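Here's a quick walk through one model, starting at a metal site and moving on to a sheet. Keep the viewer open as you read.

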Amino acid sequence: MINTTILSWVTFIYFAAFVFYLFRMVLGREFWGKLATVTALAGLAAQTVALAIRWKTSYDLGFGHAPLSNFYESLIFFAWTIVLLYLLMEWRLKNRSIGVFVLPIAFLIMAYASIAPGVNSRIEPLIPALQSNWLTSHVLTCFLGYAAFTVAFALGIMFLLKRTASSEAARTKTFIRLLPSEYHIDELMYSCAVLGFIFLTLGIVTGSVWAHYAWGSYWSWDPKETWSLITWLVYAVMLHARLVRGWRGRRMAIMAIVGFGCMLFTYLGVNLLPSLHSYMV
Amino acid sequence: MSKKKSVIWSFFSSVKLAIVLIALIAFFALIGTLVPQREAAAQLAEKMSPALFSFLHKMQIFDLYHSLWFFLLSGLLAVNLVICSLDRLPLAWRRFQRKQPPYSEEAFRNLPEENQFEASAGLEEAAKAAEALLQKRYRNAKREESGDAVYLAAQKGRFSLFGVYIVHLSLLVLIAGAIVGSVFGIEGYVNITEGETVNAIQLRGENRSWPLSFSVRCDKFTVELYESGMPKTFQSDLVFLKDGRKAFEGKLRVNHPLEFEGFRFYQASYGPAPGGKATLALVRDGGRRDVMNVAQGYAFDLPGKEGTFQVLRVEENLMKMGPAVKVAVTSPRREETVFWVFQQIDEIKKISPDIFEQVPVFNPGLFRPYTFSLLGLEEKYYTGLQVNRDPGTPLVAAAALLLIGGLMLILFSYARTVRIRLVSRSGQTLIAAAGQSYKNASGLQKEVQYLLAELKNNLETSK
Ligand code: HEM
């Protein structure tokens with residue numbers, strides 16, 4: 001299918017963008033940064049086209065659903081939102097040094113979608129319970145939240161890297177020098193966590209509404225629901241620790257990493273446990 | 001309020017406690033996903049010593065989400081939220097009501113260089129332009145004069161001071177809704193075969209049924225399949241009867257529940273119902289052919305009065321050889337002949353040609369001079385319904401709306417005051433702007449910069 005062919009190209013494009021961002025960070029020449037941005041933009045555009053084709057194809061096949069209905073499509077959408085969010089940030093902040101932390105994640109997700117065993121890339125009809133507009137809004141909001149948490153995670157890693165590097169390295173090593181100041185990384189990380197928290201809240205609420213219509217109860221403590229609650233609570237702790245207890249910097253970075261771990265388990269890990277959401281496999 | 005608060009009050013108003021409680025709830029929730037819960041816990045019983053199992057059972061480890069622990073933690077969190085909010089609400093109220101007089105030297109102290117500029121316009125002209133700008137952007141602007149200076153101020157977003165309280169209130173409503181639901185709610189299910197009526201449901205997780213004050217009949221069940229054989233939609237035509245009379249009817253589809261007397265009905269599953277109808281044909285040697293619809297237990301006279309026949313069983317798929325009907329023919333002398341009638345008898349004979357010799361009861365012509373054939377089974381389904389009553393749902397829905405509304409208020413708005421000071425200085429006017437807020441300092445600084453740029457632009461173009 002044409003859309004999966006485009007998507008496998010997108011995987012390589014993101015990898016190339018990552019390599020260019022890395023060149024920029026190591027060589028310190030803005031040329032590479034510009035090339036990386038253009039490459040990432042091209043990848044995003046191609047991926048958008050592929051998603052649109054996929055959407056249209058599902059209508060041609062007579063199923064007619066947004067490309068958000070199985071594990072493969074969710075991975076692709078996840079990578080798409082991460083790159084979109086990152087490019088928006090790059091544009092707003094006029095800073096390219098975050099790309100080298102974010103693009104490899106998008107690349108890995110795309111690669112996982114195409115090579116992991118048991119990930120089915122076909123467009124398939126939906127079972128009746130999934131034929132709901134709430135499903136679309138649920139998946140949309142959840143993955144916007146996941147993307148924000150992922151960027152917060154990348155910033156957390158960046159922060160720890162900057163903190164561990166000696167002040168000597170900060171002057172001599174181009175890579176470290178090009179990173180934003182610790183203060184700015186911390187601010188950005190917090191903004192991303194808040195954005196993710198709000199989208200995750202919306203995701204949990206729309207999911208509950210959908211469950212209310214499809215299964216007759218807005219909450220049934222199924223492992224995926226429970227883990228999304230755990231993730232939500234971890235970020236709630238992160239918010240309070242900062243706002244009220246004044247946590248900054250390293251502790252926030254660790255919270256961002258822990259929260260990301262919970263989010264990843266919500267998304268992937270719970271498939272190891274029996275679940276209502278098992279259609280995602 | 002006295003300055004010295006009681007120990008209990010400060011314990012419950014502390015955010016440290018909140019963090020500990022939230023972390024504990026997250027931890028318990030995590031344990032619940034690792035330890036099998038409710039029905040699934042039964043398998044664990046075989047692997048554990050009975051003493052340990054019963055201890056863990058008593059500790060409600062196998063039903064954590066409905067356990068006393070969970071109630072206790074939610075209760076503590078609720079108390080924490082109430083006390084913490086009561087503790088801080090007066091502060092928010094004071095901030096909300098605080099007068100922000102335009103004249104304030106304090107606000108302009110230590111002003112960064114980029115927050116001021118010199119304009120060639122006169123004082124009054126510049127002040128008019130600045131006031132118009134504030135009016136346009138904030139719909140409020142106050143003015144004060146002091147000596148040779150004009151002070152202007154505008155406020156925005158004061159209501160967002162209450163965003164946090166709305167979010168926390170929503171959590172209280174959520175906890176209340178969840179508790180109402182788990183105390184007064186009913187979760188059950190029922191299977192109804194097409195054409196049948198039920199007046200009780202089976203409770204989930206308990207070996208008990210719950211009588212309904214009305215009855216439900218399923219008139220028809222329909223399923224539509226994709227080409228692959230996967231179900232596309234399915235629905236039940238339901239009739240709700242009160243005192244034997246039809247009170248309400250509706251089509252129940254997946255994702256589109258029906259509600260009657262506080263109970264919500266959800267289309268959950270379906271399956272083939274045993275005891276469907278079959279269409280039988282019987283041919284008298286070289287003579288007439290009769291076709292009739294039969295079901296288990298039906299009895300008929302043979303057309304030539306050689307006896308009567310009765311349908312003993314209707315099978316969907318007998319010994320993997322397809323649909324079959326078991327028939328007994330009784331002659332007037334009370335001799336009984338029993339045999340099976342397969343729908344796919346021709347295919348069966350092709351695979352094993354001497355089947356009638358080996359298994360005489362598989363011969364549909366065992367009672368001469370008749371040969372029976374099975375033309376088909378009428379598919380009959382049962383519909384599987386999830387039936388719930390949860391009086392907590394409206395509370396939970398309200399909580400969700402409050403939560404989202406409160407978060408939006410926090411995210412998209414913040415309380416701020418912006419001030420512009422204009423000082424006449426040898427024919428020129430020195431214009432300075434400052435902002436004041438409780439959070440989002442960098443956003444506010446951007447806004448102040450924008451105001452200054454806009455004002456500069458307005459003053460230049462008006463010339
Ligand atoms: C799961 C439970 C909770 C959630 C989801 C939650 C949510 C929030 C959110 C989103 C904020 C951010 C407000 C902002 O950005 O201005 C906040 C702030 C705050 N929360 Fe909570 N909260 C929870 C529990 C609690 C509890 C139990 C307390 C009680 C001590 C508490 C005390 C506070 C305080 C003091 C603030 C700071 C308010 C301010 O900045 O003025 N929270 N909460």
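## The iron site

A residue counts as buried under 20% relative accessible area, as exposed over 50%, and as partly exposed in between. Bear in mind that this is a predicted model. With that cut-off in hand, take the two histidines on the iron atom of the ligand: His240(A) and His168(B) both coordinate the iron through NE2, at 1.8 to 2.0 Å. The pair crosses between chains, with His240(A) sitting in helix α9 (residues 223-243) of chain A and His168(B) in helix α7 (residues 163-184) of chain B.

So how covered are they? His240(A) has a relative accessible area of 22%, so it falls in the partly exposed class. His168(B) comes out at 15%, which is under 20%, so it counts as buried. As for geometry, the iron atom has six donor atoms with angles of 86 to 179° among them, and the site is octahedral. For reference, the ideal angles for six octahedral donors are 90 or 180 degrees.

Chain B is divided into domain 1 (2-94), domain 2 (98-157 + 414-461), domain 3 (186-273 + 382-389) and domain 4 (278-377). Taken over C-alpha atoms, the centres of domain 1 and domain 4 of chain B are 66 Å apart.

## An eight-stranded sheet

Now for the sheet in chain B. Its eight strands form an open sheet, ordered β8-β7-β6-β5-β4-β18-β10-β9, with antiparallel pairing. Which strands stand at the edges? They are β8 (245-253) and β9 (258-260) of chain B; each has a single partner strand, so one side of each is left without a neighbour in the sheet. From one strand to the next, the twist averages 35°.

One bridge to pick out links Lys242(B) with Arg245(B) in β8(B).

Strand β7 of chain B also holds Asp237(B). Is Asp237(B) buried or exposed? Buried, because its relative accessible area is 17%, and the cut-off is under 20%. Leaving aside neighbours within four places in sequence, Asp237(B) is in contact with Arg217(B), Cys218(B), Asp219(B), Lys220(B), Gly250(B) and Lys251(B).

Strand β18 (residues 381-389) of chain B is mostly covered, with seven of its nine residues buried. On the sheet, β18(B) has β4 (residues 186-193) of chain B as an antiparallel partner, joined by eight bridges; Thr193(B) is bridged to Tyr382(B) in β18(B). Strand β10 (residues 263-272) of chain B also pairs with β18(B) in the antiparallel sense, over eight bridges. Here Gln267(B) has Leu385(B) as its bridge partner, and Ser269(B) stands opposite Gly384(B).

Finally, β9(B) and β10(B) run antiparallel and are joined by three bridges, with Leu258(B) partnered by Phe265(B) in β10(B). The two strands, β9(B) and β10(B), form a hairpin with two residues between them. What is the phi of Glu261(B) in the turn? The phi of Glu261(B) is positive, at about 45°.

Technical notes:
Residues numbered from 1 in each chain as written. Chains lettered and ligands numbered in written order. Predicted model: local features only at pLDDT ≥ 70, side-chain atom pairs only at ≥ 80, totals over all residues. Heavy atoms only, no water. Donors = N, O, S within 2.8 Å, 3.2 Å for Na, K, Ca; no water. Tetrahedral: all angles 85-135°; square planar, octahedral: opposite > 155°, others 65-115°. Helix = DSSP H or I, 4+ residues; strand = E, 2+ residues; numbered from the N terminus. Buried < 20%, exposed > 50% of the residue type's maximum accessible area, 1.4 Å probe, protein only. Pairing = 2+ DSSP bridges. Axes fitted to C-alpha atoms, helices over the stretch in contact; angles between N-to-C directions. Domains from an automatic or database assignment. Contact = heavy atoms within 4.5 Å.
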